[in-house]
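Here's a quick briefing to read alongside the picture. Take a look at the model first, then come back for the tour.

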Amino acid sequence: MRKHKLGDTVVQAKDLKKHFNLSGGIIAALTGQPARVAKALDGIDISIRSGEVVGLVGESGCGKSTLGMTLVRMHEPSAGDIQFKGESITEIKGNELKSFRSKAQIIFQDPYSSLNPRLTIGEIVEEPLKIHRKGDPVSRREKVREALTHVRLPVEDYEHRYPADLSGGQRQRVAIARALVLDPEFIVADEPVSMLDVSVQAGVLQILDELSQDLGLAVLYISHDIATVGYICDKIAVMYLGRVVEMGAVQDVMRRPKHPYTQALMQAIPNTDPLVNRERVVLEGDVPSPIDTPRGCRFASRCMHVDPLCEAQEPDLYLAADDCAVRCHLFDLLAHRRPNSEGEQLAV
Ligand SMILES: Nc1ncnc2c1ncn2[C@@H]1O[C@H](COP(=O)(O)OP(=O)(O)OP(=O)(O)O)[C@@H](O)[C@H]1O
Ligand code: SF4
Ligand SMILES: [Mg+2]
């Protein structure tokens, strides 16, 4: 478990929505076809503090990347609010948006396509400084040296090399250095190790872990692999069909998952901890479409505990005794009823 002091809230989303309009253009409009909208994010509350790594997990298509890209304003939010250090950045434009983007960086999964093959490593890491018109050649080289040092690539050995000379793990380190060179305060790492060889994954994750602690970065770490989330995250948010269904401290969610969906996800991890005695939960069936979300609980079609209330009414997010927030009627009916209407802080 990570043990260190967390700082103030850096990023906070409130009831954040991102709906993609999938209507078929002019022909659909002329033939009167109804609008088709994919509700990729449908009311997300989340917050990340300085020095904190929040893991975001869930099956493919549940909205993880959309959340990461919306938080750094690569997608326009459809509704709700995003705050960065207490100021709303939901609608900022022009120079304000450019300045925010230097503070909020995103690292993608594919280190092969994300680096320009014609530029040297030194040029790649320096490029954001030039785009943001920061510094002169001497100060920029110093920033490049600092950033490469953070990712353990000595500038003398790497600045004149090209991406093709590097391994996947080294390229992903360069992508991290390029994100660091602008002194960001928030980093989204979207599946940063899933394309890397297992033998180099731990090294890249360790760098992200150190950066959050040493530089006080707020990090949203998106992953399919809950086991890696357990290594580097302070908290976990579990997403299902555009909603967070459970969130809390990493040890609580991993050892005592409460939502039936989280329980099923945890079952997929090989159990190496003799203290954890997990009951077998089987997850069957397909995720419903984000275009046609169910009226009640979104997980109802796959849940072994489903009852008529679940199909009629979507559950609120309830706070359990250990401060995990769970979106499930079982927690309304059975345990510790503390609904969010009491004004409690439910975001992680
Ligand atoms: N640009 C887009 N236009 C239309 N629909 C989109 C767009 N981007 C994402 N979606 C839809 O939004 C939903 C969430 O997609 P997203 O990529 O955020 O999921 P994800 O959890 O990151 O999945 P994965 O684990 O496969 O990366 C999906 O139904 C997807 O088809
Ligand atoms: S609200 Fe009902 S269907 Fe949804 S997860 Fe809880 S028990 Fe299952
Ligand atoms: Mg994704």
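Is the crossing of helix 4 and helix 7 left-handed or right-handed? The crossing of these two helices is right-handed; a crossing counts as right-handed if the near helix is turned clockwise from the far one by less than a right angle, and left-handed if anticlockwise. Bear in mind that this is a predicted model, where local features need pLDDT of at least 70, side-chain atom pairs count only at pLDDT 80 or more, and totals for chains, interfaces and linings use all residues. Residues are numbered from 1 along each chain as its sequence is written, while chains are lettered from A and ligands numbered from 1 in the order in which they are written.

**Helix 4 against helix 7**

- Helix 4 covers residues 121–131 and helix 7 covers residues 168–180 (helices are DSSP runs of H or I with at least four residues, strands are E runs with at least two, and both are numbered from the N terminus).
- Their axes sit 7 Å apart, and the packing angle is about 30 degrees (axes are lines fitted to C-alpha atoms, for helices over the stretch in contact, and angles run from 0 to 180 degrees between N-to-C directions).
- That angle makes helix 4 roughly parallel to helix 7 (under 35 degrees is roughly parallel, over 145 roughly antiparallel, 65 to 115 roughly perpendicular, and the rest oblique).
- Helix 4 brings I121, I124, V125 and P128 to the contact, and helix 7 brings V174, A177 and R178 (contact means C-beta atoms, placed from the backbone, within 7 Å).
- By class, this contact has 6 nonpolar, no polar and 1 charged residues (Ala, Val, Leu, Ile, Met, Phe, Trp, Tyr, Cys and Pro count as nonpolar, Asp, Glu, Lys and Arg as charged, and the others, Gly among them, as polar).

**Helix 7 against helix 8**

- Helix 7 also meets helix 8 (residues 198–214), with axes that come within 9 Å and cross at roughly 15 degrees.
- So helix 7 is roughly parallel to helix 8, and the crossing is right-handed.
- G168, G169, Q172, R173 and I176 of helix 7 touch V200, G203, V204 and I207 of helix 8.

**Around the ligands**

- Ligand 1 has 13 residues around it, of which F20, A40, S60, S65 and T66 come nearest (a residue is near if its C-beta atom, placed from the backbone, lies within 6 Å).
- Helix 2 gives the largest share of that shell, 3 residues.
- The ligand 1 shell splits into 5 nonpolar, 7 polar and 1 charged.
- Ligand 2 also has 13 residues around it, with C297, C303, H305, C310 and C328 nearest.
- The ligand 2 shell holds 10 nonpolar, 3 polar and no charged residues.

Methods
Two residues are in contact if their C-beta atoms, placed from the backbone, lie within 7 Å.
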